[in-house]
Amino acid sequence: MVCVIIDDDSSCISSLELMIKKYYPNIKSIYSAQTIDLGYELIIKHKPDVVFLDIEMNGETGFDLFLKIPKPSFATIFATSHDKYMQSAIKNACFDYLLKPIDTKELVETLTRLEVQINEKSITSKFSELLNNISLNSSQDSKIAIPTAKGYVFLTVDEIICCFADGKYTTVYGQTFEKITSTKNIGEFETFLSRSIFFRCHRSWIINIKRIKSFSKGDNVIVLSNGVKADLSSRNRDEFMKLFSVF
C-alpha cells in the first residue's frame with residue numbers, strides 16, 4: 001500500500017511514520033505534506049491507497065482537500081486532536097477517524113481492515129475484467145476464472161454443471177462432483193453465465209441445461225449428469241418446460 005500523510009505538525013508526521021513502519025510494514029511507501037496544496041500534489045503524483053489527514057491546519061481544514069478531489073479513489077483516515085469534527089468526517093465518507101495521540105492497536109486494526117477492503121476491491125475489479133472477456137466469447141470452450149479465497153480455479157463453460165448459493169458464497173459443481181467454493185454470490189454468476197446455456201431454476205440454483213439428466217414432476221427436482229439434484233421453484237417451472245420439446 002501507498003500512504004500520504006497531510007498534517008501541519010511535523011512532529012505528528014514523524015510519529016505516525018515511525019508507528020506505521022514499525023507496526024504495519026505492509027505500507028511500502030509513505031509521503032508527507034504540511035499543507036493541503038502540497039498534499040494534493042503528492043496524491044496526484046503517487047496515487048495513494050490511503051491518506052491520513054489532519055483537520056485543522058494553519059487556517060485551512062482537511063475537508064478543503066475534497067474541494068480539489070470531490071471523488072477520491074483513496075481511503076481517508078482522519079487523524080486529529082479534535083473530535084468535534086466527527087460528524088463532518090462521517091458525512092465526507094472517511095474510512096476511519098483516529099484521535100491523537102494515536103493508539104497503536106487502533107492504527108493497526110484500521111489499516112488491517114483497510115487492506116482487506118483494498119484486496120477485495122482488487123479482486124472485484126479483476127473479476128469484472130474477466131466477465132467482460134467472457135461476454136465477448138461465451139463459447140463452450142471459453143475458460144472462466146472462478147474466484148476463490150485462495151485465488152482462481154479455471155473451468156470451461158461446458159465443465160460447469162451447476163452452481164449452488166451458499167450464503168454470500170457459491171458452490172460450483174464440476175463434471176465429477178468436483179466442488180469449488182467461490183467468493184462470489186450466485187447473483188454475480190447469473191450475470192455472466194450465458195442464458196443460452198444456463199438456467200436459474202431456483203433462487204439457490206443455476207443449472208447447465210445441457211447437463212440435465214432427468215426431472216421429477218412430483219417433487220420438482222432436476223437431476224444433473226453428475227448426480228447432483230437441484231430444486232426447481234414453482235414459479236420457474238413453466239419457463240423451464242418451455243426450454244424443451246415435451247411430448
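**View 1. The largest nonpolar core has 21 residues.** Inside this core, the residues with the most contacts are Cys3, Ile20, Ile27, Phe52, Leu107 and Leu111. At least two core residues each come from β1 (2–6), α1 (10–23), β3 (50–53), β6 (75–80) and α5 (104–136). The largest share, four residues, belongs to α1. A nonpolar core here is a set of buried Ala, Val, Leu, Ile, Met, Phe, Trp, Tyr and Cys residues joined through side-chain atoms within 4.5 Å. Buried means under 20% relative accessible area, exposed over 50%, and partly exposed in between, with a 1.4 Å probe and protein chains only. Helices (H or I, at least four residues) and strands (E, at least two) are DSSP runs, numbered from the N terminus.

A quick note on what you're looking at: this is a predicted model, where local features need pLDDT of at least 70 and side-chain atom pairs count only at pLDDT 80 or more, while totals for chains, interfaces and linings use all residues. Residues are numbered from 1 along each chain as its sequence is written, and side-chain values use heavy atoms, with hydrogens and water left out.

**View 2. Zoom in on Leu107 and what does it touch?** Leaving aside neighbours within four places in sequence, Leu107 is in contact (heavy atoms within 4.5 Å) with Leu16, Met19, Ile20, Phe52, Leu98 and Ile102.

**View 3. Strand β3 pairs with both β1 and β6.** Two strands pair if DSSP finds at least two bridges between them. Four bridges join β1 to β3, and these strands run parallel; β3 and β6 are also parallel, joined by four bridges. Look for Ile5, whose bridge partner in β3 is Phe52, and for Leu53, which stands opposite Phe78 in β6. In a regular strand the side chains alternate between the two faces of the sheet. In β3, Val50 and Phe52 point one way, Val51 and Leu53 point the other way, and all are buried.

**View 4. Thr61 sits in strand β5 (residues 60–61).** Is Thr61 buried or partly exposed? Thr61 counts as partly exposed because its relative accessibility is 23%. Skipping neighbours within four places in sequence, Thr61 is in contact with Ile36 and Ile55. Thr35 is 26 residues away from Thr61 in sequence, and their C-alpha atoms are 9.4 Å apart in space.

**View 5. An open sheet of five strands runs in the order β12-β11-β10-β14-β13.** The pairing is antiparallel. The edge strands, β12 (179–182) and β13 (198–202), each pair on one side only. Three bridges hold the antiparallel pair of β13 and β14 (residues 205–208), and His202 has Trp205 in β14 as its bridge partner.

**View 6. An open sheet of three strands has the order β15-β16-β17.** Here, too, the pairing is antiparallel. At the edges are β15 (212–216) and β17 (229–231), each pairing on one side only. β15 and β16 (residues 221–224) pair in the antiparallel sense over four bridges, and Ile212 stands opposite Leu224 in β16.
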